[in-house]
Amino acid sequence: MSGRPHPHAPLPETRTHAAAPRPEQTPGKETRSPGPDTETRHHARARDPYFDNAKYLAIVLVAMGHAWEPLRGESRAAAALYIFVYTFHMPAFIMIAGYFSRGYEGTPAQIKRLITGIAIPYALFETAYALFKRWADDDPGYPISLLDPWYLTWFLVALFLWRLTTPVWRAVAWPVPLALAIAALASVSPEIGDDLDLQRVLQFLPFFVLGLRLRPEHFTRLRTRTVRIASLPVLAGALAVAYWACERMNTAWFYRRDSAPELGAPAWTGVTMTLALFGCSLLLTACFLAWTPHRRTWFTVLGAGTLYGYLLHGFLAKGSRFRDWYGPDWVHTPAGAIAVTVIAATAITALCTPPVRRAFRVAVEPTMDWAFRPDRR
C-alpha cells in the first residue's frame, strides 16, 4: 500500500467562462505577451475573475488542511474541519480543470503545453521533493522515481492522463456514469498498485469528466440568491456531520489513494463510498462555488498562481513535519491552532503572487520552444 500523503490539488490557470476555451488555451498556461502592460490588459479582458477567485480560495483551504493535519489528534474541531474541507476542495479543483479542458483536441500546440505545463513540472518537482526528503528528513537513501509520485505531484500525473482522454469522454454517450463505474471498480481493485497513483487517477476521474460536461450557465445558476441561502443549512449540517464522523471514520477514504480492501474494508464498501462521497462532494462544491465572488477582488490576481503555490508550499508543509515545527506545546492550544492557520494562509498567498511566479516560471511554465517542431498549420 502506498505510503504517500494526502491529495491536494493546484489548478493551472483558467480563462473566461463566456465560451469554451479555444483549443490552444489550456488551464496550465497563460498567454504570454510582449510586455507587462500588455499582459495586464490581456488578463483583464481574457480571465474570468470568478474562477480565479475559486482557485485562490480553494488553494488556501489546501494549505489550511495541511496546517490542521498534525493537530487532529488533540483537537476534534481541527479534525472536523479537516474532513469538511477534504470533502470538496479536491473535487472543486478537478471539476474546474475539466471545465477548462473542454477544448482539448490533441493539436500540436496543445500537446506542447501538456508537456511543458504538466509533464516537465512533474519531473522537476518530483525530483526536487525526493531530494528535499533526503536532506530535510535525514533519509539519504530515499529513491527518485517518476513512476511513484510523492506527496503533491500525483495531481500533475492525473491531469496529464485525464486531459489526454478528453476526446474519449466527449465521444461516449454517458460519460459521467461511465466514469463513476470506472471509479467504483478501481475502489475494489487492490491489484492496480501504486504506479503513477492510478487509484487516485481513476477514483477522482468522475469529477474531471463532470467538469467537461459543465457549461457557463451551470455556474451562473449557482450564484443566485436562492442557491446561496439554501447552501447555508447544508454547510452547517456538513460541519455537524464532520464533527460527528471525525472520531468514527477513516479519513483515508477522502484521499482516494487506496482500494477498500487496502483500507481493511469489504470490497462492496468501495462502491458504496465512491457513490456516497461523489454526492457529498458535489453538494459541498456547489455550496463553495455559490459563495465564491464573481467580481474582481484583491485576491483575484492570485488565482493565476495557484499552481505555483501548490507545488512550492509542499516544501513548507513537509518541512514543518521533518523539522518538528509542531513540537512546542503552545502550537497545540486553541490560540496556536489559529496562529498556524493564519500562517498557512499567509504563506500560500505569498507563494501565489506575481513575483514568485516570475522567479519560478522556468520550472513551472517552461517554454522549451527548442524541443518542438514549428506548427505549420
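Which residues does Ala63 touch, not counting residues up to four places away in sequence?

1. Ala63 touches His313, Ala344 and Ile348, with residues up to four places away in sequence left out. Keep in mind that this is a predicted model.

2. Where does Ala63 lie? Ala63 is part of helix 2, which covers residues 49-68.

3. Is Ala63 buried or exposed? Its relative accessible area is 5%. Buried means under 20%, so Ala63 counts as buried.

4. Look also at Tyr310. Ala63 and Tyr310 are 247 residues apart along the chain. Their C-alpha atoms are separated by 8.5 Å.

5. Now turn to the cavity. The count comes to one cavity of 30 Å³ or more. The largest cavity holds about 120 Å³ of space.

6. Which residues lie nearest the centre of the largest cavity? They are Gln203, Arg256, Met273, Thr274 and Leu277. In total, 17 residues line the largest cavity.

7. Helix 12 gives the most, with five residues.

8. What is the lining of the largest cavity made of, by class? It has 10 nonpolar residues.

Notes: Residues numbered from 1 in each chain as written. Predicted model: local features only at pLDDT ≥ 70, side-chain atom pairs only at ≥ 80, totals over all residues. Heavy atoms only, no water. Helix = DSSP H or I, 4+ residues; strand = E, 2+ residues; numbered from the N terminus. Buried < 20%, exposed > 50% of the residue type's maximum accessible area, 1.4 Å probe, protein only. Contact = heavy atoms within 4.5 Å. 1 Å grid on protein atoms, 1.4 Å probe; cavity = no way out; pocket = protein on both sides within 12 Å on 5 of 7 lines; lining within 4 Å. Points joined across faces, edges and corners; volume = space filled by probe spheres on them. Nonpolar A, V, L, I, M, F, W, Y, C, P; charged D, E, K, R; others polar.
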